[in-house]
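I wanted to look up how the inside of this chain is packed. These are my notes.

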Amino acid sequence: MKSLKARKRIIVLLSIMILILKSTFVLSNDKIEKGYYDYSGKKGNNDVVMSIYIDNSKVKGLYVCKGVRKYIKLKGIIKDEKIKLNEFDTKGNVVGTFNGNIRSVNIIEGTWSDGKIKMPFKLKLVDTIYADYGKRFDLVGFSDEEVVKFASNVQNYLIKNNKKELAKLIAYPINVKIDGKKKIIRNEKEFINNFDKIFNGNLKKAVINAEPLFMLTSRYGAMLGEGGYNVWFTGIVRKGNDYLLIYAINN
């Protein structure tokens, strides 16, 4: 009898634990922690990434179709496990809407429409950053959008092999490796002259393929790239003004 009672007690405890776990993962406007929720998935046949900031029922953020490199603003609400996100163009006009289910923070799925075209979307959670809005990257004096835009500019200049514009985004003097040896680059002219050896194939690929929305950050700034091939940038004061500049190149 004791063994039977013990088994029943265990079953009851397990049932309670399951209910607790379910309530933990199901999204509730008044319980979910404020923060950034990063997603990756599909919108129709397009690969997309999205980072949204959830503050109770209010949601805002950015998303992009991979390969397009044009980040789109999002703003919307969560209510009764439903999510609605409007996307805006540069003039502030609504140009599309995500309507979906968000029964848990792990998956968002539903339909996107611009009023003419409809397509399904499904996004899976890849990371969560608990930070105040606008301070995901925490680069003093610069908003999240400014940080992402800077990183995107770096990528675009590399894709176009625009040495001149990229040279303007470097904090000189800067240490680099050329032919395996350390070298100090003191100005834009030296950078341009050594560009192809500084941004070798491995470094170019790592920086171009990195996702600005999901950049690693620390008290030293933001990193664009991966592994041993990356660039670091942060806010640096020049002539009394703050600028985002690359201060480290690991090639």
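I worked from a predicted model, in which local features need pLDDT of at least 70, side-chain atom pairs count only at pLDDT 80 or more, and totals for chains, interfaces and linings use all residues. Residues are numbered from 1 along each chain as its sequence is written, and side-chain values use heavy atoms, with hydrogens and water left out.

Entry: cores. I looked up the nonpolar cores, meaning sets of buried Ala, Val, Leu, Ile, Met, Phe, Trp, Tyr and Cys residues joined through side-chain atoms within 4.5 Å. Buried is under 20% relative accessible area, exposed is over 50%, and partly exposed is in between (1.4 Å probe, protein chains only). The largest core has 39 residues, and Val-154 and Phe-233 are among those with the most contacts inside it. Helix 2 (residues 144–159) gives the largest share of this core, 7 residues. A separate core of 23 residues includes Tyr-37 and Cys-65.

Entry: helix 2. Helices (H or I, at least four residues) and strands (E, at least two) are DSSP runs, numbered from the N terminus. I found Phe-150, Val-154 and Leu-158 among the buried residues of helix 2. Beyond four places in sequence, Val-154 touches Leu-166, Leu-169, Val-207, Leu-224 and Ile-246; contact means heavy atoms within 4.5 Å. Just after helix 2, Asn-161 has a positive phi of about 60°.

Entry: Tyr-243. I placed Tyr-243 in strand 14 (residues 241–250). Tyr-243 is partly exposed because its relative accessible area is 38%. Its contacts beyond four places in sequence include Phe-142 and Arg-238.
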